[in-house]
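Please take a moment with the sequence and the model below before reading on. The paragraphs after them walk through a few side chains, one group at a time.

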Amino acid sequence: MRLTEQISIDEFDGKRFKIRLVEPTDNDKALVTHYLHNIRNGVSKHYKRDALKILKKYVNYKIEEENLPLVAEDALQQLLFEVENVPFPTPQNYSFKFIDLFAGIGGFRLALQNLGGKCVFTSEWDKEAQKTYRANFGEVPFGDITKEQVKNYIPNDFDLLCAGFPCQAFSIAGKRGGFDDTRGTLFFDVAEIIKRKKPKAIFLENVKGLRNHDKGKTLATILNVLRNDLNYFVPEPQIINAKDFGVPQNRERIYIVGFHKSTGVKEFSYPKPLKKKVKFADIKEKKVVPTKYYLSNQYVQTLINHKARHEGKGNGFGYEIIPDDGIANAIVVGGMGRERNLVIDNRITDFTPTTHIKGEVNRKGIRKMTPKEWARLQGFPDKFEIPVADASAYKQFGNSVAVPAIQETANKILELILEK
């Protein structure tokens, strides 16, 4: 939905008219795309009133000769085409509904849609991630979930709440170690939404370190909130490794699932590792990689020196080269995220620098993985669009969830709540 253009259409139904389009706010874009995505189901009524106001405000149809408003059904169809003609549309015959909080670029959504789900609300504050999300799902996520205005747009009657909530520092100062002790953290906002909406099930993902944060007090507080304050059955959280579910990446994350008491669920088993062995060669670029991904001789030497310094101190820090028959280290944002996942690729033929690197391109074939390879390490299919610059793409995939591991776990959840 491109509301930034000035468009003039000569004729409609035999009469001349023009469309005036004005730049909307981010919240407006989220409202309209959520409305259009749900226009064929009952959820649309939750967004309809405000969405129609926005459409009326920003898209004015007037017949020039009579100066009267024009109901342009074809314009609505064009907007619907723009939100539905995307790489990953909603399944036509969906069997459950879910919401996607701290959505990033849609790893949870991709997994849940693969299982037949319909996403009825999304939030993600990062602007670059919103671009990628929109390009693939046709929907602009709402922004800051801590704002009451945004929370108010969450519809009722969805089955599953998904959230890869950021692990902010918790202050475990209260005596109860419960709901009040999480105020000021983003987990509190997730808990508040759970309290209001009471979904059948919840699925939370976080870094492995959450288990030991503050000597285990942080996780204990979270579990106390979910179990005692919100009355959910929450089995012991489990560390899930992406490498056990079909991607060549050693990525451990903690999964927390829960079931509302109304479901009657009192037992849950996390998925067992798949008997599927993969290696980097399985996701390696098939074509020659652009020269810009190859390191300069100077940078290679800098990495060698850096690693030697740390080894001299007894540390294991430094770059690492992943062999074709190996698996990648966890891809992360910042630090040594890319340097810990270098590869050897001798297919390069043009050693002319294409970026502002100092010195010559190395002749050993040492390069960074490409954003597309990082996408594959997280289980994203090749048709997943990357509409942002490389720097943003690395950040987005480094922050994302591993789709296959999410999907296997979500399937276990759905077997219980859909059965009930």
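What follows looks at one leucine and then at several salt bridges.

This is a predicted model, in which local features need pLDDT of at least 70 and side-chain atom pairs count only at pLDDT 80 or more, while totals for chains, interfaces and linings use all residues. Residues are numbered from 1 along each chain as its sequence is written, and side-chain values use heavy atoms, with hydrogens and water left out.

Begin with Leu80, which lies in helix H3 (residues 73-84); helices are DSSP runs (H or I) of at least four residues and strands (E) of at least two, numbered from the N terminus. Leu80 is buried, with a relative accessible area of 4%, where buried means under 20%, exposed over 50% and partly exposed in between, using a 1.4 Å probe and protein chains only. Leaving aside residues up to four places away in sequence, Leu80 touches Leu36, Ile39 and Arg40, a contact being heavy atoms within 4.5 Å.

Turn next to the salt bridges, of which the structure holds 22; each is a side-chain nitrogen of Lys or Arg within 4 Å of a carboxyl oxygen of Asp or Glu. One of them joins Glu139 and Arg109 at 2.8 Å, N to O, and this pair links distant parts of the chain, 30 residues apart. Glu139 counts as buried at 0% relative accessibility, and Arg109 counts as buried at 0% as well.

Another salt bridge joins Arg367 and Asp345, whose closest N and O atoms are 3.0 Å apart. Arg367 sits in strand E14 (residues 366-367), and Asp345 in the loop between strand E13 (343-344) and E14. Both Arg367 and Asp345 belong to a network of salt bridges that also includes Arg347 and Glu373.
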